[in-house]
Every structure is written in structure tokens, then in C-alpha cells.
Amino acid sequence: LTIMEKNHNVVNLRDDALSHEIALKVFMGKYNEALDLMTNRRFNVWEGGARFNVNDYWTDAYMMLGHAGMNKGNFKKAIEYYKLSVDYPSNLQTARGSSSGRFQEASFWSGVAYDAAGDTKRALKEWNNAVENIPESGNSRSFAVGSGSMSLFYQALSLEKLGQNERASEIFNRLISSGNRSLQNRDQIDFFAKFGQQQSQRSSLGMTHFVIGLGYLGLDRRADAETEFRKALEICPDHFY
């Protein structure tokens, strides 16, 4: 990060290079600096997706600011940050609000903040928003390991808040089974692969262990969850979630 900051004028010439500086700033807790870099620059998104996912860094930064507000008991500020986490500026060229891939996460935490502030009605509204459009349990593709697994996890947590513990447990168990199924079908990391390919393998494998850990965490099997989270970090030390 220090090298990139010292050479920011050069880094700033390319979207993909700047995205790495932004990611590092978020990782190191420089959330407002990262948000400043994302606010005014128009990132060029290629057809079919970008080589980077800047909107995730936007969400991560505001999520962490929201959690800091919660820890300080500033629930109003926390709610503001959680809402902003999926209110992407137009220059990021991505769907915002309920169309965002992180909407369920933002709604769950907004509900938690409203509940802590004593506003039960708004908390229930947020959790109900989060559980809309839960994939059918028979749709195996909907439980494939990936970034969407995070949405399912927060939908399950929201179901628990709404008293629907059985439906929540079903999702937690499916996260575990889908992760284990993915591990069974996965080859070991090819350490002689090209850097980009190897990095992708590590990220994918780390995410798989993380998703299994989420399932265990939801079922309150904390020792098993910690084991999976540690495996995820051993494989992918920069795993942020």
C-alpha cells in the first residue's frame, strides 16, 4: 500500500491498478480514503463484467464504518452507513439498492441497528426486505459456492430474527453441504499455474471454506466454524469478509 500511495499518480492512470490501491486501503482500515477514490472516478466496466469489483470495496468500507458506529452506540450513524453501503454512485456503473448483490447484508445489519435503537417496527421491515426472493431449496444452482452465498447467509440470519428458525437452519445446512460438495469436486491448487490462475484458485478455495464456516456459525457450531475460517485465511490471507 505504501508503494502504491507514493506512486499514486502512476497508479491512477489505470482503473485496475487503482482498484488494488482501493482494496488495500479498505483492508488496512483507511475506509474514508478508499471511498474518496471511488466517489468521483468513472470506472470503465467491460461488457460481461470488469476485471475488478470496485462496488464490493464500496460496500465493505461502509459496512465497516457502520460496525464501528454500532460499537460506539451511535445507531443512527450506523444505519446511515449501512444504507450507503448499497447506494452506489453512478460512476461505479452498478445496480444499487435492492438490486445490489449485497442488499440482504445491508438490510440485515440495518435491522440490527434499528433494533438496538429500540425501533422494532423498522427492524422487522428491514429483515422482511432481506428475506424476499429466497431461492427455492430444490434449486441446487442457487446454493452454489460463491459471493451469493453471503446473501443466503444474511437471509438465514434475518429469518432467525423473524422467528423462522427451521428455514434458517435449512439454509445453514445447505451452505455446509454445498461447500463440502465443492471441495470434493475440486483439484488441489496448482502451484505452477500462472499467477492470475493460481490467485483465482486460492480465492475460490478460500471462499469455499469460508462458506462452510458460515453454515457452522449459523448453527452455532462455533469451533467448527473457526476451523473453516482459519483454513480460509491460510489459503487466502487477504480474505476480507
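**Entry 1: Thr59**

I looked up Thr59 and found it buried, with a relative accessible area of 0%; buried means under 20% relative accessible area, exposed over 50% and partly exposed in between, with a 1.4 Å probe and protein chains only. I note that the model is predicted, that local features need pLDDT of at least 70 and side-chain atom pairs pLDDT 80 or more, and that totals for chains, interfaces and linings use all residues. Residues are numbered from 1 along each chain as its sequence is written, and side-chain values use heavy atoms, with hydrogens and water left out.

I placed Thr59 in helix α5; helices are DSSP runs of H or I with at least four residues, strands are runs of E with at least two, and both are numbered from the N terminus. Leaving aside residues up to four places away in sequence, I found Thr59 touching Ser85, Tyr88 and Arg102, where contact means heavy atoms within 4.5 Å.

**Entry 2: Trp58 and the core**

I then turned to Trp58. With residues up to four places away in sequence not counted, Trp58 touches Leu35, Met38, Thr39, Leu84, Ser85, Asp87, Tyr88, Pro89 and Leu92. I also found Trp58 among the residues with the most contacts inside the largest nonpolar core, which has 51 residues. Such a core is a set of buried Ala, Val, Leu, Ile, Met, Phe, Trp, Tyr and Cys residues joined through side-chain atoms within 4.5 Å.

**Entry 3: α3 against α5**

I examined helix α3 (residues 15-27) and helix α5 (residues 54-71), which pack at an angle of about 20° with their axes 10 Å apart. That makes α3 roughly parallel to α5, since angles under 35 degrees count as roughly parallel, over 145 as roughly antiparallel, 65 to 115 as roughly perpendicular and the rest as oblique. The axes are lines fitted to C-alpha atoms over the stretch in contact, and angles run from 0 to 180 degrees between N-to-C directions.

On the α3 side I listed Ser19, Ile22, Ala23 and Val26, which meet Val54, Tyr57, Asp60 and Ala61 in α5. By class, this contact has 6 nonpolar, 1 polar and 1 charged residues.

**Entry 4: Asp16**

I located Asp16 in helix α3 and found Asp16 buried, with a relative accessible area of 17%.

**Entry 5: The chain**

I recorded 12 helices and 0 strands for the chain. Of its 241 residues, 44% count as buried.

Note on methods
Nonpolar A, V, L, I, M, F, W, Y, C, P; charged D, E, K, R; others polar.
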